[in-house]
Amino acid sequence: MMIKLYLALSFLCHSTPFQITIYNQENFQGKRMEFTSSCPSVSESFHNVPSLKVECGVWTGYEHTSFCGQQFILERREYPRWCLMSFQPICSAVKICDDYPSLQAMGSFNNEVGSMKIQCGVWVCYQYPGYRDYQYILECDHHGGDYKHWREWGSHAQTSQIQSIRHIQQ
């Protein structure tokens, strides 16, 4: 039997999981605006977006307004010559089927977890690697297994920081 746990991970940058800065001229010149959420049309402020910097998170950029037209994946870096009319953040999800003493060792995300979907069983999440410090016990039978915000992990939840996780064998 495969046990599945989905973690909706937020790649936090200071206090926000997503941040993009757009400029009204190439090479990061001219007027600039920062966004932490979707923008269905830059035409309210700019004619288009000739350059941008993805500060945090992964975004989808679109050649037309209202998230239409050709799509572009925008990862954390600078884009000195570009053209797009709308953009939105992409939420990441990771499927976990085994114990992990260090989630960071799995790959390209940090220690912040925004939400979880427990599909089967009981899991214990720990604040630090090596199954240390604060423990959050999450069950598929509680909240229907859907923990939409880290504050739902328990009344003692003080942080969204999770660095290790293990399945409880029943």
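**Entry 1: His143**

I looked up His143 and found that it counts as partly exposed, at 38% relative accessibility. The cut-offs I used: buried is under 20% relative accessible area, exposed is over 50%, and partly exposed is in between, with a 1.4 Å probe and protein chains only as cover. His143 sits in the loop between strand 12 and strand 13 (146-147). Its phi is near 60°, which is a positive value in a residue other than glycine.

I noted that this is a predicted model, in which local features need pLDDT of at least 70 and side-chain atom pairs count only at pLDDT 80 or more, while totals for chains, interfaces and linings use all residues. Residues are numbered from 1 along each chain as its sequence is written, and side-chain values use heavy atoms, with hydrogens and water left out.

**Entry 2: the whole chain**

I listed the elements next and got 14 strands and zero helices. In this list helices are DSSP runs of H or I with at least four residues, strands are runs of E with at least two, and numbering starts at the N terminus. Of the 170 residues, 42% count as buried. The chain exposes about 9200 Å², and carbon and sulfur atoms supply 46% of that area. Such areas come from the Shrake-Rupley method with a 1.4 Å probe, and for residues only the protein chains shown count as cover.

I then looked at contacts (heavy atoms within 4.5 Å). Among contacts with a separation of 6 or more, 64% are between residues 24 or more positions apart.

**Entry 3: a UniProt record**

I checked UniProt, where an unreviewed entry lists residues 18-56 as "domain: Beta/gamma crystallin 'Greek key'". UniProt positions are in the numbering used here, feature names are shortened, and annotations may be inferred rather than shown by experiment. In the model, residues 18-56 are 51% strand and 0% helix.

Phe28 is in the loop between strand 2 and strand 3. I noted a positive phi of about 60° for Phe28, although it is not a glycine.

**Entry 4: salt bridges**

How many salt bridges does the structure hold? I found three, where a salt bridge is a side-chain nitrogen of Lys or Arg within 4 Å of a carboxyl oxygen of Asp or Glu. Side chains of opposite charge can pair when their charged atoms come close.

Glu26 and Arg81 form one of them, at 3.4 Å from N to O. This pair links distant parts of the chain, 55 residues apart: Glu26 is in the loop between strand 2 (19-25) and strand 3 (29-35), and Arg81 is in the loop between strand 7 (78-79) and strand 8 (86-90). Glu26 is partly exposed at 41%, whereas Arg81 is exposed at 54%.

Lys53 and Glu78 form another, at 3.8 Å from N to O. Lys53 is in strand 4 (residues 51-56) and Glu78 in strand 7, so the pair ties together parts 25 residues apart in sequence. I noted Glu78 as partly exposed, at 44%.

Glu34 and Arg32 also form a salt bridge, with their closest N and O atoms 3.0 Å apart. Glu34 is partly exposed at 46%, and Arg32 is partly exposed at 47%.

**Entry 5: strand pairs**

I followed strand 5 (residues 58-64) and strand 6 (residues 68-74), which pair in the antiparallel sense over five bridges. Two strands count as paired if DSSP finds at least two bridges between them. Gly61 stands opposite Phe72 in strand 6. The two strands form a hairpin with three residues between them, and Ser66 in the turn has a positive phi of about 60°.

I then traced an open sheet of three strands, in the order 12-11-14 with antiparallel pairing. Strand 12 (132-139) and strand 14 (164-168) are at the edges, each with a single partner strand, so one side of each has no neighbour in the sheet. Neighbouring strands here are turned by 25° against each other on average, direction ignored. Axes are lines fitted to C-alpha atoms, for helices over the stretch in contact, and angles run from 0 to 180 degrees between N-to-C directions. Strand 11 (residues 122-128) pairs with strand 12 over six bridges, and Val122 stands opposite Glu139 in strand 12.

**Entry 6: Gln104**

Last, I looked up Gln104, in the loop between strand 9 (92-96) and strand 10 (113-118). Gln104 is partly exposed, at 39% relative accessibility.
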